Amino acid sequence: MDQNMRQQHMFRREYFGKSLAVLCGMFLIVLTIAIGAFLLAKGMLTFTQFHHSIGEFLFSSAWKPSDTEMGGGQVGAAIYIWGSILTCTLALFISVPFSLATAVFMTQIAPKLGERIIRPAVEIFVGIPSVVYGWVGLVVLVPLLQRIFDLPHGQSVLAAGIVLSVMIYPTITSVSADAIRSVNNKYVEGAYGLGSTRWRMIYKVLLPAALPGILTAIVLGLARAFGEALAVSMVIGKMRAFPDSLLAPTNSLTAAIASDMGGAMDGGEFNAALWSMALLLFIISLLFILVIHLIAARKERIA
């Protein structure tokens with residue numbers, strides 16, 4: 001009798017745990033779909049209610065939306081899109097070499113030091129709020145760039161790229177280190193057995209074998225860079241103009257949404273244009289997720 005009761009109790013607990021996990025998973029799916037549907041409904045008003053074209057929104061630099069329900073303004077977001085692309089690309093160029101070097105050092109050169117000191121130090125960066133990155137960039141980095149390059153102001157694409165590179169550094173480093181650790185040790189032993197030096201083994205064997213995971217890390221870092229708003233808005237200058245150099249100020253999608261959404265009239269053309277920017281960021285995030293899944297699928301096929 002006691003045995004049957006225990007089995008029933010275990011069955012109920014297992015059933016409850018399984019049901020709870022399914023419900024949580026379904027809730028996340030429904031929440032994602034709901035967010036996407038909401039952004040689609042709000043973001044499409046620019047094209048359905050105010051009759052602007054997608055080409056104008058993506059490729060025109062004329063940005064002067066009307067803050068009324070009548071519309072009639074211009075909603076060219078090319079400056080913001082180009083600003084986001086430029087700052088995020090610069091952040092990757094700065095961050096990826098440092099991240100890969102740190103990941104290799106943590107896993108191959110000094111693994112004990114890496115696990116005890118470097119990895120916890122890298123993970124601390126993840127928990128720092130973005131406003132702290134932005135504030136440090138504003139009070140330290142911006143004046144420094146202003147003095148070094150003799151600029152009227154230090155807020156620029158370069159400042160935004162440096163701040164973003166620091167913010168995505170821990171993400172790329174941690175995921176890249178995990179990818180390097182997952183490489184079959186037989187590859188390393190085989191390289192040493194053929195007479196390779198450590199650096200040649202890392203360059204010719206280890207990094208190519210871990211490439212799918214490293215690419216996933218880069219895409220994750222790029223996704224975070226695209227979605228960052230507060231820190232970027234504090235150092236990018238928020239000037240509505242195409243930058244003619246890395247030292248020139250500009251604006252980005254997230255910075256524009258963060259600074260203008262609160263003052264835009266609900267239901268107006270300006271508000272709808274900002275929601276269209278948010279929808280564009282959502283679509284970009286979905287594309288990043290798709291790229292990650294494609295990389296993972298390719299890795300499984302290779303394995």
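Author: **Helix packing**

Helix 5 (residues 111-127) and helix 7 (residues 157-181) pack at an angle of about 135°, with their axes 8 Å apart. Here helices (H or I, at least four residues) are DSSP runs, numbered from the N terminus, while axes are lines fitted to C-alpha atoms over the stretch in contact, and angles run from 0 to 180 degrees between N-to-C directions. This is a predicted model, in which local features need pLDDT of at least 70 and side-chain atom pairs count only at pLDDT 80 or more, whereas totals for chains, interfaces and linings use all residues. Residues are numbered from 1 along each chain as its sequence is written, and side-chain values use heavy atoms, with hydrogens and water left out.

Helix 5 and helix 7 are therefore oblique to each other (angles under 35 degrees count as roughly parallel, over 145 as roughly antiparallel, 65 to 115 as roughly perpendicular and the rest as oblique). In contact, meaning heavy atoms within 4.5 Å, Glu 115, Arg 119, Val 122, Phe 125 and Val 126 are the residues of helix 5 that meet helix 7, where their partners include Val 166, Tyr 169 and Asp 178. The residues of this contact divide into seven nonpolar, two polar and four charged (Ala, Val, Leu, Ile, Met, Phe, Trp, Tyr, Cys and Pro count as nonpolar, Asp, Glu, Lys and Arg as charged, and the others, Gly among them, as polar).

Helix 4 (residues 78-109) packs with helix 10 (residues 211-227) at about 140°, their axes being 10 Å apart, and helix 4 and helix 10 are therefore oblique to each other. The residues of the contact of helix 4 with helix 10 divide into 10 nonpolar, one polar and no charged.

How values were computed
Helices (H or I, at least four residues) and strands (E, at least two) are DSSP runs, numbered from the N terminus.
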